[in-house]
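Colleague: I have the model open and a few things to ask about it. Can we go through it piece by piece?
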Amino acid sequence: MLESYLQAAASQLIERAMALKGEIPKPPKIEFQGLANECRRRIDEAIKELRAIRDDADFKDPEDEALRLLEFRRVAAQIDRVENAAIAAMARSNEKEAAVNSLLYRMTREIVYPIELPTVSLLSQNYFYVNTDFQLMCIPLMELHFLLHLPDIYHELAHPLSRAEDDPRTKTWLDAFWRAQRLISEHFTRQIVAVESARTTDTIRVAVSSAYQSWQCRWMEEFFCDLFGVFCVGPAYAWAHLHLHAERGRDAFQLPRRLSNHPADAPRMTIMLDALTVLKQEKSAAEIEQRWRELLSIAGQSEPADFQRYYPKRILRKCVDEAFEGFTGMGCKPWPGADGDTVRKTLNEAWCRFWAAPKSFAAWEKEVTEALIPGSKS
Amino acid sequence: MSSIGFDSCFFDRLDHFSRSLNHVLLATKGKAALAGEADWRQTLELVKTLSAQQGRSLAASSVAACLKGRRGVPGQWDVVVQALEARNLDPGAIKTLYALAWSLDEERAAVLARMRQGHA
């Protein structure tokens, strides 16, 4: 069965992969040149692998069928990624991408970003994210006309740092990550012993286990990306978090029930406020905290009794200190930065204006955005 | 920060280990040329992390954590670590690694599906 299937399916996939090359814009825009080269390289590699899977005698031993199928599925997934993540971004790009990539360049110069920059696409239909396999950051089409969510770009800039293992440029950051991860592991080891040796409900046992798994798999990295964001752009990052939660957040104190991608919004805000105190921005931290509490109160959200079992405040604070050591150790420049910084200063000024003069904010934002991101209007 | 945010990073990691493991398994079938030094090293890194030997790779650590619940019987990974270090995989180790290869494949398929749907 598999032999016949792969003769047809692998051949079809090869055709698809070859046709994909034709979808790469001719010539690629300057900001997509690296991405286009990477796509072409991956397509060539995938075609070579598909031909081997289909034709090589090495793969035709009936005992190797499972492996042959696994390899076919892996290469098919690769082609899917090239098509849907990378080539789609290039094929649907417009003139505004040059503007947003220029903005990213200026942002990273201000903070002395330690590794190669991702490319930015305006393809996202789902807020901000970064495809680390292509070093491609995706942001929503209209976002570069507005300022309030742009601090989240700094969060996305932190994800590729986690990919740069065995790299002296990111060593202090990743060392800090591991020190923080160890603190969490110790905490959950104690928690697991405690719930196993006491009369505890299955719900709590499952929640502790899910929280530990989520911390190990994803949450610590997300917290570190948040901290990178605060260290880069200061109060504007925490304000953007409040804004995102107000617009589309779920319960800020959501309890863990299964493996989840992101920690709850309230402990994320907790570490952001702690990070602001590390940056000596106590006044801003107090103002943000007050507005945050008001927002939670309006939404009727409050901290459950055992919330700290999953998000221990004392350890979160230590994570902040570790991350700051890692951040400065990479040579990155924390907020408030230097006099010449324009991007991060503008993003903070936006939030000051937002609260100080809400009625006139939109007009001010329009004018300032056009000056900050020339070409965003075209 | 989006709901698909982490998956877009995570696919990369799953693919990285899946590719290496498949190549190592191909090497055990007499296709040694298909597995490079990096494939053996990366597979060993993941298996060491699964065996709770405290690997120092963020990628391996997060992938191992996501496979929790599919890890099999305690202690089975220690044997596989030894076999990979010696580059001498017996049928038991190969069977365990096949199960791991399918787990990575399943996780990758799930991540791809979530990204296509735009939510996690």
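Modeller: Two terms to begin with. Strands are DSSP runs of E with at least two residues, helices are runs of H or I with at least four, and both are numbered from the N terminus. Two strands pair if DSSP finds at least two bridges between them. This is a predicted model, where local features need pLDDT of at least 70, side-chain atom pairs count only at pLDDT 80 or more, and totals for chains, interfaces and linings use all residues. Residues are numbered from 1 along each chain as its sequence is written, with chains lettered from A and ligands numbered from 1 in the order in which they are written.

Colleague: How many residues lie between β2(A) and β3(A) in the hairpin?

Modeller: Four, and in that turn A:Gln135 has a positive phi of about 50°. The two strands, β2 (residues 129-131) and β3 of chain A, pair in the antiparallel sense over three bridges.

Colleague: In which sense do β1(A) and β3(A) pair?

Modeller: Parallel, over four bridges. A:Ser124 has A:Pro140 as its bridge partner in β3(A).

Colleague: Why is β3(A) largely enclosed?

Modeller: Because four of the five residues of β3(A), residues 136-140, are buried. Buried means 20 or more other C-beta atoms within 10 Å of a residue's own, exposed means 12 or fewer, and partly exposed is in between, with C-beta atoms placed from the backbone.

Colleague: New topic. Why does A:Gly375 count as partly exposed?

Modeller: Because A:Gly375 has 15 C-beta neighbours inside 10 Å. A:Gly375 sits in the segment after α13 (361-372) of chain A.

Colleague: And what is A:Gly375 in contact with?

Modeller: A:Glu95, A:Lys96, A:Ala98 and A:Ala99, leaving aside neighbours within four places in sequence. Contact means C-beta atoms, placed from the backbone, within 7 Å. A:Val100 is 275 residues from A:Gly375 in sequence and 8.6 Å away in space, C-alpha to C-alpha.

Colleague: What about chain B: how many of its residues are in contact with chain A?

Modeller: 34 residues of chain B, in contact with 39 of chain A. The largest share of that side of chain B, twelve residues, comes from α1(B).

Colleague: Which element of chain A has the lowest mean pLDDT?

Modeller: Strand β1 (residues 119-124), at 88, whereas helix α9 (residues 265-278) has the highest, 98. pLDDT is the predictor's confidence in each residue, from 0 to 100. Chain A has a mean of 92, with 99% of its residues at 70 or more.

How values were computed:
Two residues are in contact if their C-beta atoms, placed from the backbone, lie within 7 Å.
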